[in-house]
Amino acid sequence: MKIQNVHDKFFKETFSRIDIAINFLEELLEQNLVRQMNLSTLQMDNNSFVDEELEEHFADILYTCEYGEKSKIRIALLYEHKSYKEDYPHWQLNQYMLNVWKSGLKQNKEKPIPVIPIILYHGREKWNYQSMASYFNNIDENLIKYIPEFEYHLVNLNDISDKRISNFKNKFLAISALLFKYSRYKKYVKKIEDNLVELLKLVDNQGSSQFVTSVVLYIQNTDELTITELFTIFTRVSSNLHQTVMTTAEQLISRGINQGITQGITQGTEMKEIDAIKRGYNNGINSELLSNILNLPVQKIEEIIVKIKSGLV
């Protein structure tokens, strides 16, 4: 069963963790800016300021943070969920920041707080950063003052080496960044398997169960790996993480099989079992796991698999 908007969901699950967000800012923003931030005060703003027009461009997470001695700032982390770059990102960002400021004025009558916009991009096309003024032709010094110029920070994962990503202090961030970087490619996990396994070993036993579940779901929805191949990869890490994968996979398979049965199988118990085994077999599930899920003897499942292979059922 495929998850809708899986990139957006994994992005929000990842960067809703304040420890990941803090290390992301430490690693990828200019240090003179980071030094002015009191990152121990970083908090998530639960509001989203992506309106209907911006929905096709971004998913967002907004943070607040103390800055300097008396100031406060907002940091907008905007995930570019298209597979190609925006031609005029300033336009969308300008609209987003206006949404933030207008909301603050309307709800709290607060004075505008500076917003640092950060775009997280992992598409295949090269993103050439350019200024707002460069969008216009023949702008001379008499006209340029009428252009609302501002900058944004671009984090293009394609421009960050795997080695640097692996060296991020927060290994949960490193795993997420690595998955985002390659997820636009087919069978991408095989390309990063060794690196991924080493990073997973470092987060094992660090309260990683929920995170690993999210990773499994993300991979399962963005790559062509079978469940058996997923097991093989996570077995290289530890029995602890392997069990997390097993539990997640069993839940996914059970939901998928049950949904298929209720939607289309009405010919009786035997045909339901055959259909369920066929679905599992076609998805690379071995007979022992199918036995656990369907509560059927392994021998019976293997007999049906032989018939499936022979085209008899």
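Student: Where is the place of aspartate 51?
Tutor: This is a predicted model, in which local features need pLDDT of at least 70 and side-chain atom pairs count only at pLDDT 80 or more, while totals for chains, interfaces and linings use all residues. Residues are numbered from 1 along each chain as its sequence is written, and side-chain values use heavy atoms, with hydrogens and water left out. With helices (H or I, at least four residues) and strands (E, at least two) taken as DSSP runs numbered from the N terminus, the place of aspartate 51 is the loop between β1 (37–45) and β2 (58–67).

Student: What does aspartate 51 count as, judged by its relative accessibility?
Tutor: With a 1.4 Å probe and protein chains only, buried means under 20% relative accessible area, exposed means over 50%, and partly exposed lies in between. Because its relative accessibility is 27%, aspartate 51 counts as partly exposed.

Student: Leaving aside neighbours within four places in sequence, which residues is aspartate 51 in contact with?
Tutor: The C-alpha atoms of aspartate 51 and tyrosine 96 are separated by 8.1 Å, although the two residues are 45 apart along the chain. With contact taken as heavy atoms within 4.5 Å, and with neighbours within four places in sequence left aside, the partners of aspartate 51 are Gln95 and Asn99.

Student: Is lysine 163 buried or exposed?
Tutor: Lysine 163 is in helix α5 (residues 162–166), and its C-alpha atom is 9.9 Å from that of alanine 174, 11 residues apart along the chain. Its relative accessibility is 64%, so lysine 163 counts as exposed.

Student: And is serine 176 buried or exposed?
Tutor: Serine 176 has its place in helix α6, and beyond four places in sequence it is in contact with Phe10, Thr14 and Phe211. Because its relative accessibility is 0%, serine 176 counts as buried.

Student: What is the volume of the largest cavity?
Tutor: On a 1 Å grid over the protein atoms alone, a cavity is a set of points where a 1.4 Å probe fits but cannot get out, and lining residues have an atom within 4 Å of a point. The lining of the largest cavity includes Phe15, Phe24 and Ala177, and α2 and α6 each supply at least two of its residues. With grid points joined across faces, edges and corners, and volume taken as the space filled by probe spheres set on the points, the largest cavity has a volume of about 50 Å³.

How values were computed
1 Å grid on protein atoms, 1.4 Å probe; cavity = no way out; pocket = protein on both sides within 12 Å on 5 of 7 lines; lining within 4 Å.
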